[in-house]
Amino acid sequence: MTVAPPTEKSDIGGRPVPPSGWLGWVTSTDHKRIGLLTAGTSFVLFVGMGTLALTMRAQLAQPEQELVSSHLYNQLFTIHGSGMIYLVFTPFALGMGVYLVPLQIGAPGIAMARLTLLGYWFYALGAAVMLAGFATPLRAHADGWFSYPPMADSVHSPGTGTDLWIAGVFLATTGTIIMGWTVLRKRTYGMTMLRLPVFSWSMIVSCLMVIGAFPALLAALGLLAVGRADPSMFDQNVWNIGYQHLFWFYGHPVVYVMFFPYLAAVAEVLAVFSGRRFFGYKGTVLSLLVFAALSMSVWGHHMFATGQATNDYYSLTSIALLVPAGVEYFAMVGTILGGRLRLAPPMLFALAFIPQFLIGGLTGIMVGTPVIDYHVTDSYFVVAHLHYVLFAGSAFGLFGAVYFWFPKVTGVMLGHRLGRLRFWLLVLGTNVTFLPMFALGYLGMPRRISSYASFEGFGWLNLLSSIGAAFLAAAMTVFAVNVLWTLRKRTLGSAEKAPDDPWGGHTLEWATSSPPPRLNFTPDHPVPPVTSFAPLLDLRQKQKEETAADRSRP
Amino acid sequence: MKRHLSFVVVAGWGLFNGILLAVLAVYGENSIVYWLWGGAVVLLELAAVAVLASSRSGPDQHVRYRVPDRAAGAVVPIAFGFLLIALAFVYGWWLLALAGPLLLVAVALAVRGTTAREE
Amino acid sequence: MKQRHIFGDVLALLGYALLRRRAGRQVTASERSERPRLEAYYVGVLVAFAAFLVAWTAWQNQREHESAARPPVRVDVSSFLWCWAFSYPQAPERRTVSGSCRGDDLPTLVVPTGHPVQLRLTSRDVIHSLWVPHLRYKMDAFPHHVNTFTLTLDREGRWMGKCAEFCGQRHRTMHFWIKAVSPEEYDKWLQGQQGAAV
């Protein structure tokens, strides 16, 4: 492999900076740095948005509480939801792709590094703008993450908080589109398509959805901005229902963008810690593509109760989703059934992902069925469902991925014992928090209420849910302590050094050093021959056969 | 076929969307939906064409790479310039008076090729 | 429920894998990476199951929206920030019931039992959603648009209805009562006689 390094001598105008200096970070075209910046930023926001959620759980722990005013409460759930979706799970997934895809395909960098960097900056600035709403006189935007007009127009939601929300989401989404595009463009380099690791495939599929669906959100925000300038626009029903179509056309695929990369990370972890090749690779790749295409067609199931959507079609496509989803589950369960399981922290998260996400998925089929949806939509049932998908599912994939790739990214091992403690706290917290919400919704608790009367009998289930949230807070604290402590030890030089391949990985990133050098692969750490989607596994098997052959020779 | 598999994936995926849209048309929907989804299909096919163009211009599996980072220093000013433009929608057009010069600086940086040289 | 079955099956397989395939138990990892025939059969089963569900759902949805044979009782429901108004166009003199949704001042929607009741739902300002948890049904109320749905209550009683679409400050208290009375009592009430209902 020949690589022309960045900033060749012929290049003029380069100013040398130390690689660890801030200038080196903010202008870096190293895909690993951009990926880390993205993941780090979204992680900080994750903690912030989680704090908002804890405040909400405290408010709802008892009936008729007044810890926060209802106006503040409305801001809390709006920014929590918008933040988690626009600013945490989507960017983190793409940031993971920016970091890992070039490594997995054996490339020294990303296709359009400068554009990717621009995408990051749009995202970071957009996040700042959205959060700046809290500092405006009428405070932040308070109309939920989907902000339907006319509620979100300038008559019913006055104040610059909403305008800032629109501007912030617009910028951040533009950023994610740019990032998505680069990963897709990069795909043409490297190995053959059917040797791409599952994770890289999930990024391709996510990027297809980003390109197809995210512009619809920009259009929806544009519509909202125009409508805020001229509220009479929303006197026409066509714009009100049109906004919902635009929004959900983005709003459903985005859930899959927040899910596929984590699912694929789980798949990689399962395969590595089962000590075998991922089972049903071709079926999984195909089902990812079908899954994604169907996801573009189901947005109307968020609109069953509007009485203005073609319910039969959307329920048809929603139910059809169970075919590709079933294939993926088959592959995941098949992988561990024939495996030799090692229960290290990344594997624990991946294993918990399987049943927990299944709850989210199966209840998803339920809400995709109009007859059930008429009852549970806009209730706490939906809140529970989406948290099972995004938290019990995607977040477990996310943390599994963090534990899995942490040694590769930082060069040191993340403490195992705290990892296990953290895992059990998180499993307990997740299920105690979100399981009662199914019952609450079924019993008639609408979502987005800042309080409830005591006679409604929601008290003890809400209290249970709030207790669960305390466990989640504890779990996140343990995690933060674990990471920060490990990083601190790394600076002091006393952390446990990570070998190049601590887990017996399958994909190319484990062939280079930890952390990888600037151009990913060096003559000391060359790209190994790519013979399948698990090249390192092939290599190990070949070596084993050779030693066996050597031994059998007299 | 094999050489342009990447193109086939993107184009085929877009086409699959088109088929699903056609099924929706059988059921009937608000006309805004046809524009919306039809637009998305067109966008995807354009992306497929871009992928085709890039895979025709170079080999599928690269062994020689160029990792350009010229003018990366211009990225941050550009981002801030667009931030000011976005804020101009909220706080008034006078902000464009700040965004303009900032973007000009960014263009100058880009033309000069300013970047932080990594060692 | 089918869902519970699927969940149980996956859990069982997971438990089996955890018990029998741990590294400590001296198992060797399988070298097979796919089983095309098994996968194909499996997809076939999934598709058949999905097709069944699609048909069943469409049928249920049809039934839910079946228009009643008898001419329904009509009620015009108007939602606004933050309460409801119910009017009865078939009453001798147009009757409208509303309230402020503050404290106990909740409006009551009165319907006869055993009769299909057609609600014509709209909004004066933002989008609301009429939800009666007991009936397991909800429908959005849009401004500048009328949504219609028909319900039939079989027994007398009083249940609480709520607004399910977020609508700001007092969204959480935007409740109403739905009260089902016998047709005779309903007629009396519609004539505006004292002592009947509400």
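Visitor: pLDDT is the predictor's confidence in each residue, from 0 to 100. Where in chain B is confidence lowest, and where is it highest?

Guide: Lowest in strand S1 (residues 64-66) of chain B, with a mean of 64, and highest in helix H4 (residues 96-112) of chain B, at 90. Helices (H or I, at least four residues) and strands (E, at least two) are DSSP runs numbered from the N terminus. This is a predicted model, where local features need pLDDT of at least 70 and side-chain atom pairs count only at pLDDT 80 or more, while totals for chains, interfaces and linings use all residues. Residues are numbered from 1 along each chain as its sequence is written, with chains lettered from A and ligands numbered from 1 in the order in which they are written.

Visitor: OK, and what pLDDT does chain B average?

Guide: 83, with 85% of the residues scoring at least 70.

Visitor: How many helices and strands does chain B have?

Guide: Chain B has 4 helices and 2 strands, and along the sequence they come in the pattern α-α-β-α-α-β.

Visitor: What about domains in chain B?

Guide: Chain B splits into domain 1 (5-57) and domain 2 (72-112); such bounds come from an automatic or database domain assignment. Taken over C-alpha atoms, the centres of domain 1 of chain B and domain 2 of chain B are 34 Å apart.

Visitor: How much of chain B counts as buried?

Guide: 35% of its 119 residues. A residue is buried if 20 or more other C-beta atoms lie within 10 Å of its own, exposed if 12 or fewer, and partly exposed in between, with C-beta atoms placed from the backbone.

Visitor: Switching to chain A: which element has its lowest mean pLDDT?

Guide: Strand S2 (residues 14-16) of chain A, at 57, while helix H14 (residues 380-410) of chain A has the highest, 93. Chain A as a whole averages 86, and 93% of its residues score at least 70.

Visitor: Where in chain A does pLDDT stay under 50?

Guide: Over residues 8-13, where the model has 7 contacts beyond four places in sequence. A contact is two residues whose C-beta atoms, placed from the backbone, lie within 7 Å.

Visitor: How many residues of chain A are in contact with chain C?

Guide: 66 residues of chain A, and they touch 57 residues of chain C. Several helices of chain A each supply at least two residues to that side, among them helix H3 (70-104), helix H7 (237-257) and helix H12 (345-367). H11(A) gives the most, with 9 residues.

Visitor: What scores does the predictor give the complex?

Guide: An ipTM of 0.90 and a pTM of 0.90.

Visitor: Let's move to chain C. What are its domains?

Guide: Domain 1 of chain C takes in 2-26 + 35-64, and domain 2 covers 73-190. Their C-alpha centres are separated by 41 Å.

Visitor: What is the average pLDDT in chain C?

Guide: It's 84, and 92% of the residues reach at least 70.

Visitor: Is strand S6 of chain C covered on one face or both?

Guide: Both faces are covered: C:His128, C:Leu130 and C:Val132 on one side, C:Ser129 and C:Trp131 on the other, all buried. With 5 of the 5 residues of S6(C) buried, the strand is largely enclosed by the rest of the structure.

Visitor: Which strands pair with S6(C)?

Guide: One is strand S7 (residues 137-141) of chain C, antiparallel over 5 bridges. Another is strand S9 (residues 157-163) of chain C, also antiparallel, with 2 bridges. Two strands pair if DSSP finds at least two bridges between them.

Visitor: What does C:Trp131 bridge to?

Guide: Its bridge partner in S7(C) is C:Lys138, and in S9(C) it is C:Lys162. C:Leu130, meanwhile, stands opposite C:Cys163 in S9(C).

Visitor: How many residues are there between the strands of the S6(C) and S7(C) hairpin?

Guide: 4, and C:Arg136 in that hairpin takes a positive phi near 55°.

Visitor: And what joins S9(C) to S10(C)?

Guide: 6 bridges, with the strands running antiparallel; C:Met160, for instance, has C:Trp177 of S10(C) as its bridge partner. S10(C), residues 175-181, also pairs with strand S4 (residues 108-112) of chain C, in the parallel sense over 5 bridges. There, C:Val111 is partnered by C:Ala180. As for S4(C), 4 of its 5 residues are buried.

Visitor: Last one: is C:Val181 buried or exposed?

Guide: Buried, because 21 other C-beta atoms lie within 10 Å. C:Val181 belongs to strand S10 of chain C, and its C-alpha is 7.9 Å from that of C:Arg155, a residue 26 places away in sequence.
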